[in-house]
Amino acid sequence: MSYAPRPVAVVNSAQTLFKPSWADRQHVDLISEAVTGVLKGTGLRIDDVDFVIDSGSDFLDGRSISNCGFLGAMGAHHKEESRVEEDGLWALSYAMNKIASGSASVGLVVAYAKPSELDARSFWCTLLEPFTQRPVGLDHLSAAGLYAHRYLTAAGLKPKDLEVVARHAWEAAVRNPNVDLDEVPSAEPFWHERVASPLHGSDFARPVDGAVAVLLAAADVADQITTRPVRLTGHGSAIDQHFLAAREADALPACAAAARMALGTARATAFDIAEVSATSTVGELMVLEALGLAPRHKALDLYDGGGATAVNPSGGALPADPIMATGLARFHEAAARLAGRSGFAAGEARTALVHGTGGFAMQNHCVVTMEVAA
Amino acid sequence: MSIAIVGTGQTAHARRRTDVSQAGLAREAVVEALQDAGLTMDDIDSVVVASGPAMFGAVNQPEKWLVDALGARFKPVVRVTSGGGTGLAGALAAVNQIKGGAARRVLVVAYDKLSEGALQASISTLYDPFWGREFAVGIMGFSAAYWRARMDRLGHTQEAAAMVAVKNRRHALANPKAHVRKEVTVEEVLASRPLCWPIKVLDVPPISDGACAVILAADEDALAITDTPAWINGMAYYSEADNGADRSMLQSEPLQIAAARVYRDAGITNPFRQFDVAELQEPYTCFELSYYEGLGLCPAGGAADLVASGETAMGGSLPVNPSGGCMGANPIGATALIRLAEAAMQVTGKAGRHQVPGASLALVQAGGGWANLRGVAVVSSEKR
Amino acid sequence: MTTMATRIQMPYTLTPGEATGVFLAELGRRRLIGSRHGDRILVPAQDFDGSTGEPAEGFVELAPAGRLEAFTVTAQGVLGLVLVDGADVPFLHRIVGFAEADLTIGARVAAVWADEPTGSVLDLAGFGPAGDGPGFKPRIAPDGLAQPFEQVEYTMTLDYQHSYGHYYGTLFDAVRTDRRLRGVKCSQCRRTLLPPRARCDVCFAPTAEWVDVEAVGVVQACSVVHIEFIGQRLKPPYVYAELVLDGTSTRLIHMVGGIDPAEARTAVAPGSRVRAVWSDRRTGSLADIDYFELIPGEPS
């Protein structure tokens, strides 16, 4: 008897507003808002959800086994639940597997972070092996600086060339109602003050607080709920080695490996939308190249516009990086557009590629693809 | 599709391993599991890492560091966490990867190197910082408190729990991987120093460094890898909101829900009679009593009589924890996966000196958190 | 009150493993030790080559000099990737002693040693400017290697600003100012939840009305804490207690005090009636209650 995994589709997705600090909300408030939002309008109630897979970080939350305290807010009481301590796109991948396996029909994926409660540097530095990397003062900023120095040198670019990446991201985010941003930052230091040469403040992702929820279901179930069902068509992930110095100088081969796994024989450039995660402008360029959206050292050309694939119509991760939820936010942005739920008129975009990353200096990568069902 | 365990490995568990890093410790178990399966890392499609709360070890997202020691570069590697039950939660993630078509062969590796951190302080961070953290003694004060409540209501006496300590420590004598191999008597347990009364020193497992690895594959592939696959005929992991209304905790509801689901999937209607062996994760002796009832091995209030009957000791009709359970070794993040690996060893006749003769159907239980994350699995020599 | 400052600080003794342990030990003797993995040499020495997973086959001593491959200047200083002569993978470390204008890819650098070794990677203070001076070819199996460091002391400190949010904020404001506890009722099951929250965990229905909760209730479960441990907040012995206050359906975690510790096992039991003893402190937290005491004349 041959075995075919069950097709999986998106029922709905939702998020809280992303803002630098939700000082007047607790984690549970953000989580339950996202979960309430994702059920709304689907006709499904929490009792219809078979299982919950969630993403969050004990270190960011300041609690061990932090999912324990948030189960009620996730609607997970007396359900199957698992915590994936990685970006939310991996939680989505787990949920896909669980539905594809036939063991459940409706799954809720939740990812959240409140980096405003702990400084980002403390969080990122705890990811480092503690003997030779952590003590010398390596942090997420200097790691991006080292990548940038090598990338710009090899690509023959100047630091100022990266401004177009940041401008594209922040301008798109101003238009994105999911991000708390009225205008592109104009402060001189943001664009020109050196943070980790050759990078400036504008080159780094801005940590934000927020939660994202996605409701997945077996395709036959989703088809009865949604008018424009979006099918998940592929997923893959791959990790690089830990030591930053040992990784490739100006490329992300683990991202390329994840893309190969997710895409099979398809080409990234065939997708209408690409929503990708990155912790810096140079990181975003390296991701786009690793995914196959641009030749090596040529991703900057994508920002001229006119390419077949719309890159980060949401603004991507630079203006809004909810650390553990960033990839799932990319998924939400892409799925909402395909389903015609958010700005994009139905019928305009049919396929999307979503990328998430995790670990120190983008060590781990996950790629998910989807399309509007024919 | 049916999933089987095709290889297992464990470190020799110890109080403190100063010869290897956390990453090196995890690798030891992986090397043994690969050898057991006759595979190399090239044969592995995907890796699931399970470990206890990352604050135990000062390295956040430790799978990112382990990758180098596992030789897992460019493979899918993800970490699943669920406190003491994390190993079983990790195995369930692997089962879903295979059944979902994402991987053919998945390596699950679970570890903790508890000697490196401040254990009780670390576990105490489980508490809501606004709601009782200053009173926390890890999870021991909580566990002792509800044992005390079950004592009144269900007769889970100190003597009954002491019998669990005696039984499991005796079983551990025959397990070469156990790090505590010392017999105790009921009197010694009862007279031992109180830590969080009624929990006393000898009701508590050791603090261990250790790792466990399990390799999973499906159907014909499993049979191609090994002549003795251990089939997973059911596995589930359920949760309960930690401060939801009316949580008496006299019985573990998520455990009962998980057991009902898994028993249905595995065709278990009379667990006490059908199972040949059980591996239960008993971080304190009192939990083993509670699990007897939650798993339906005896009626509510029957646990003390069951342990006193000797039926759950080696030679009884349903030996529980022939490995010695947590009393033999308790590297928290690995403990649940050790239970699963031990069950697989039992049903494939590979358990050596602590083999239950002729065992073919095994029950596994594990859990974590505020007694609110609970998993159950059924492992069999027969594919269902 | 918006946020509460909380510190998690814990000590660790971390084992680096043999290769990194030898590497760290040898830095104190001003020798740079790498590991061999097939035909690759890694420095700092590693037990495993992350590119291949290959374990270390042995050690090699490298001349403490190399070439700067990349660098980044930050407010904390300069970090760079130094390809030590003979190594296959760069060494990420501090770059010291350079005028910024002299920092260039390809610059020759040499080890700058700390004056006094302290047993960390910073015994090598970093790499500074150097000429093309005579180095030496990697020495396989160097003589007299130090014993590896088995344990490295480490303290992790994490400082949080935890939000109270609307629900905890309302509760703890009332605790601080009025010595009142406030819960919320689930709109569906009508049970009172304390601490208050936006949704009932069990029903997943929104909570509706606020209710005052008197700091009087029943012990649901209790234990007597004797154990002492690093990082403990309270001095044992004390009675750990999970209470259900009258009218509520959830757990309040606190301690029962005002009793002789020697009698704690029998004096307090599940079912004992207790009430709060308020403190003089007004912190807006559970610490505003010193402890719960047994109510005389009520069942225990």
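Figure 1. On the chain A side, at least two residues each come from helices H2 (58-61), H3 (67-70), H4 (88-100) and H10 (253-263) and from strands E3 (80-84) and E8 (230-239). Helices (H or I, at least four residues) and strands (E, at least two) are DSSP runs, numbered from the N terminus. Five salt bridges are counted between chain A and chain B, a salt bridge being a side-chain nitrogen of Lys or Arg within 4 Å of a carboxyl oxygen of Asp or Glu. One of them links A:Asp240 to B:Arg73, with the closest N and O atoms 3.0 Å apart. This is a predicted model in which local features need pLDDT of at least 70 and side-chain atom pairs count only at pLDDT 80 or more, while totals for chains, interfaces and linings use all residues. Residues are numbered from 1 along each chain as its sequence is written, chains are lettered from A and ligands numbered from 1 in the order in which they are written, and side-chain values use heavy atoms, with hydrogens and water left out.

**Figure 2. Strand pairing between chain A and chain B.** E3(A) and strand E3 (residues 77-81) of chain B run antiparallel and are joined by two bridges; strands pair if DSSP finds at least two bridges between them. Opposite A:Val84 stands B:Val80 of E3(B).

Figure 3. Strand E11 (residues 351-358) of chain A contains A:His355. A:His355 counts as buried because its relative accessibility is 0% (buried, under 20% relative accessible area; exposed, over 50%; partly exposed, in between; 1.4 Å probe, protein chains only). Its side chain makes a polar contact of 3.0 Å with that of A:His365. Beyond four places in sequence, residues in contact (heavy atoms within 4.5 Å) with A:His355 include A:Leu89, A:Cys255, A:Glu275 and A:Arg330.

**Figure 4. Chain C against chain B.** One salt bridge is found across this interface of chain C and chain B, between the side chains of C:Arg191 and B:Asp246 (2.6 Å, N to O). Strand E5 (residues 194-197) of chain B pairs with E15(C) in the antiparallel sense over two bridges. B:Trp197 has C:Val224 in E15(C) as its bridge partner.

Terms used:
Polar contact = N/O pair within 3.5 Å; in protein donor to acceptor, adjacent residues only side chain to side chain.
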